[in-house]
Amino acid sequence: MKINTELNRREFLRITALAGGGLLVACGGGGSGGSQTADDNGGPGVGNGGEASTPAEEYDVGAFMRIDTDNQVTILVGAAEIGQGALTSLPMIVAEELDADWSKVRSELSPVAPRFNNPYYVGALQFTVASSVVRGYFEPQRKVGAAVRQMMVNAAAKRWNVNADSLRTESGMVIDEANGRSTSYGELASAAAQEPIPFNPRLKSPDDYRIIGKSKQRLDVNGKVDGSFQYGIDVDIPDMLTAIIVRPPRFGGQALNYDRNTVMAVPGVVDVITILGGVAIVAEDYWSATKGRQALQVNWAELLAGRTDSQAQRNEYGFKLNLPGVPLRIDGSTLLANTFAKEVISEDYYFPYQAHAAMEPLNVVIDYRGNSADIWTGTQSPTVDKIIASTILGLLPGQLNFHVMPAGGGFGRRGNLLADFVRDAALVAKVIQRPLKLIWSREDDMKGGFYRPAAMVRVSAGLNDAGEIISWSHRAITQDVTAALYTEELTDLLLDFKLPALTDLTDLENGMPYDIDNVLVDFHLTVKPNMPALWMRSVNKYTDVFAQETLIDKVAQQAAQDPYQFRRGMLTNKPRHRAVLDAVAQAANWGSPPSGQFQGIAIMGHWGSFVAQVVEVSVDSQRRLTVHRVVTAADCGTAINPDLVIAQLESAVIFALSSVLFGEIELVDGVVQQNNFDDYPVVRMYQAPEMETVLVNSGDNPGGVGELGVPCVGPALCNAIFAATGELITELPLKNLNFDIA
C-alpha cells in the first residue's frame with residue numbers, strides 16, 4: 001500500500017485549544033482546505049441566523065475533530081449516511097492513526113462546508129456517490145489522525161522532559177514505559193494544541209492496525225435500535241406546515257390553470273402555489289394536503305412534455321445497435337479477427353427503466369425567514385443542494401444553514417445534481433415564508449422522479465477452432481447520466497492542462513477483464529431532456545456486466561467447458577479477479593450443488609474492488625423459480641470494517657435480486673405506469689436466499705463497496721437458469737418472462 005504521508009495545502013490543519021481544556025482540529029478533512037472561517041465558508045457558524053440544533057453546529061464550521069478533557073473524541077463526517085456506515089467507517093480511519101480509545105469515539109454528520117468535501121471529487125464538493133467515501137477520505141484522514149497523535153506525543157515529551165521517540169501511544173494514552181507513567185489525550189489536549197503541526201506525520205504499518213480491519217459495532221446502532229435515531233423525515237419544528245406537489249402526468253408538463261377555490265375550501269389547506277413542474281398544496285398537515293390534492297383539478301400544458309414510450313424506445317435502441325457507436329476501447333482489430341473466426345456468437349440484451357425506491361420517501365424541512373433559512377434533508381449531494389437553494393431564496397451561502405440528515409436509503413436518488421426535491425422546497429418556502437416540510441410520497445417519486453435509464457447492449461464473441469475467444473465486441477445504448485458528474489473534475493483538470501479519459505467521463509467502461517487480443521467497446525448516449533434519468537446503484541455495470549457474463553456462459557457451453565474454469569483460463573493476467581473467482585468457487589462448492597439445484601457464476605472488477613458471485617437456483621416445470629443461495633467473494637483491498645463490508649455486499653444482493661426479478665418502470669406515451677410497491681415489488685423476506693460472503697484481503701488501498709455486490713447477481717442468477725433449462729436470458733426483469741418467483 002503506497003501512501004503519501006505529507007499533508008498538502010488542501011489538508012491544512014488548524015488546531016485550537018478549547019477554553020477549559022481539550023482541543024479542536026479544523027482541517028480539510030480531505031477536502032478543499034484553505035483557511036476560511038465560519039463567516040466566509042457558508043457553514044453554520046456565528047451570524048448565520050440559525051441557532052445550533054445539533055452538537056455538530058456548536059463547533060467552528062471548519063472543525064473536524066474535537067478531543068475533550070475526558071478523552072472523548074468526536075469526529076465529524078462529511079459523507080452522507082445512507083445506511084452504508086459512513087458514521088462508523090470514517091471515524092475508524094482517524095481513530096486508528098490517532099491511536100484513540102475506540103470506546104470513547106463518537107461521530108456526527110458535518111455541516112456543509114468546503115473543509116468536508118470529498119477528495120475523490122478533487123475536493124470540489126460533498127458528494128456521496130460512486131462508492132467514493134472510503135476511497136476518497138482514507139488517505140487524508142489517516143494523515144490528520146497521525147498528525148494529532150504526534151502532537152500529543154510531543155506535548156507529553158515536553159512535559160516529562162524526555163525524547164518523543166521514547167514514548168508510544170495506545171487507546172488514547174501516551175505511555176512512557178521507561179519511567180512507568182502515562183497520561184491521556186484529554187489531559188494533554190491543551191498543551192498539544194500549542195505544538196507545531198507536523199506536515200509529514202508517520203503513518204502506521206497495516207501490521208500495527210488495532211481498529212482498521214476489525215468488525216466494530218456501528219456507532220449509530222443504539223439510536224437505530226431504540227428508535228431515537230433521527231432521519232430527515234423525523235424533523236419537526238414549531239408552526240410547521242406540510243407541502244405536497246401535484247405533478248403533470250408527463251415529464252415537462254406545466255400547470256395551465258386550476259380551480260384554486262375548490263382546494264382552499266378543504267379544511268386545513270393554507271395555500272395553493274404554482275411552481276416549476278407542478279402545483280404545491282400547502283396545508284396544516286399531510287392528511288389535509290392529501291385531501292387538497294384530491295380536490296385539485298388541473299389542466300396541464302403538455303405541448304413540450306416528454307412522450308417517451310418504452311416499446312418505441314426499445315425499437316429505436318434496437319435499430320441503433322446496428323450502427324457504430326463512439327469507441328471507448330479498441331484492442332487489436334475485432335473486424336479482422338471476426339473475418340478469420342470459425343464462428344461469431346452474438347446476443348442483444350434489453351433492460352427497462354428502474355426506480356430507486358428508497359425506503360424513506362424524499363423529504364425536506366425548510367424554515368425560510370426572508371434574510372436567512374435553515375434546511376434539513378437526507379441528501380447525497382449537499383453542496384449542490386445548498387447552492388441551488390441559496391440561489392432560489394436569494395441568500396448568500398452564509399445566510400443558509402444546511403443540516404444534512406441521515407437518510408433511509410439513497411441508491412443514487414438523493415445525489416441529484418439538479419437538487420430537485422430541495423429546489424421544490426425552496427420554491428414553495430419563498431412564497432410561504434413559514435416553516436414547512438415538503439414530502440414526495442412513494443407514488444410521487446415512482447411516477448415523477450428519476451430512473452436508472454433503459455439500455456440495450458449487443459455483445460459478440462468470435463471463436464477459433466479450439467473454441468477460444470479471439471475477439472470481443474460490446475455496444476451499449478443508454479441515456480447519459482454520468483458525464484455531468486465530472487463537470488467539476490473536468491474544470492479542475494482543464495486548469496491543470498490535463499483531460500480525463502473518456503471512460504472516466506462517461507462511466508460506461510465495463511471493465512471487461514478477460515485475456516482477449518481483439519476488443520471493441522463502443523456506445524451511443526441518447527439525450528432526453530424530458531425523460532429524467534439518474535445514476536442508480538452500480539450505474540451501467542448493472543447492464544453491461546449482465547450482458548458480458550451471460551454471453552461468456554453461452555460461449556463456455558459452446559466450447560463444452562465449465563463456466564468457472566473457462567473464466568479462470570482467461571484471467572491469467574488478472575490475479576485479483578482470479579483470486580475472488582477461486583474464492584467464491586471454493587466457498588460455494590462449485591460443481592456440486594444440492595440435488596435439483598443449479599449454479600451460475602459471474603465476476604467483475606470496478607471501483608478499485610473485485611467481486612465474484614455464485615447463485616444457486618431451482619426451476620420446476622411450471623417455471624417456478626427459487627433462489628436458494630448467493631455466495632459472494634470480494635476483494636476491496638483493505639476492509640476498514642469487515643462487518644460493514646459484508647452488510648453492504650449482502651444488502652446489494654437483495655437490491656440486485658429485486659431489480660433482476662421485478663424492476664421495471666414502463667412508460668406508455670410518456671406516462672409512468674407503476675405507482676408503488678404493489679406494482680413495483682421488491683424481494684420479500686420469504687424470497688430472500690441464504691447468503692454467504694467471503695472477504696479476500698489483498699491489503700491494497702481500500703476500494704469501493706457500496707455498489708460492488710450488485711452487478712454480478714443478475715448474470716450469476718441467469719447463468720444458473722441457463723444451466724437448469726438451457727434458456728439464455730437476454731432481457732430483464734424475469735417477471736416478464738413468465739417466471740413465478742417463489
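Begin by selecting Arg 452, Pro 453, Ala 455, Thr 478, Val 481, Leu 534, Trp 535, Met 536, Val 539, Asn 540 and Thr 543, the lining of the second largest cavity. On a 1 Å grid over the protein atoms alone, a cavity is a set of points where a 1.4 Å probe fits but cannot get out, and lining residues have an atom within 4 Å of a point. The volume here is about 60 Å³, where a volume is the space filled by probe spheres set on the points, with grid points joined across faces, edges and corners. Colour the lining by class: seven residues are nonpolar, three polar and one charged. In this scheme Ala, Val, Leu, Ile, Met, Phe, Trp, Tyr, Cys and Pro count as nonpolar, Asp, Glu, Lys and Arg as charged, and the others, Gly among them, as polar.

This is a predicted model, in which local features need pLDDT of at least 70, side-chain atom pairs count only at pLDDT 80 or more, and totals for chains, interfaces and linings use all residues. Residues are numbered from 1 along each chain as its sequence is written, and side-chain values use heavy atoms, with hydrogens and water left out.

**The largest cavity**

The whole structure has five cavities of 30 Å³ or more, and the largest holds about 120 Å³. Select His 356, Ala 357, Ala 358, Arg 442 and Asp 445, the closest to its centre among 15 lining residues. Helix H11 (residues 442-448) supplies the largest share of that lining, three residues. Helices (H or I, at least four residues) and strands (E, at least two) are DSSP runs, numbered from the N terminus. By class, the lining of the largest cavity has nine nonpolar, one polar and five charged residues.

**The second largest pocket**

Next, select Leu 418, Phe 450, Pro 529, Met 531 and Pro 532, which lie nearest the centre of the second largest pocket, out of 34 lining residues. A pocket is an open set of points with protein on both sides within 12 Å along at least five of seven lines. This one has a volume of about 830 Å³. Helix H10 (420-432) and H11 are the elements that give two or more residues to the lining; H10 gives the most, three. The classes are 16 nonpolar, 10 polar and eight charged.

**Helix H18**

Move to residues 713-725. The buried ones run from Val 713 to Phe 722. Show helix H14 (541-558), strand E26 (609-619) and helix H17 (642-662), which are among the elements covering them. Just after the helix, Gly 726 has a positive phi of about 80°.

**Arg 66**

Finally, select Arg 66 in strand E3 (residues 63-67). Is Arg 66 buried or partly exposed? Arg 66 counts as partly exposed because its relative accessibility is 24%. Its side chain makes a polar contact of 2.7 Å with that of Asp 68. Such a contact is a pair of N or O atoms within 3.5 Å; within protein, one must be able to donate a hydrogen and the other to accept it, and residues adjacent in sequence count only if both atoms are side-chain atoms. Leu 76 is 10 residues away along the chain, with a C-alpha separation of 8.8 Å from Arg 66.

Terms used. Buried means under 20% relative accessible area, exposed over 50%, partly exposed in between (1.4 Å probe, protein chains only). Contact means heavy atoms within 4.5 Å.
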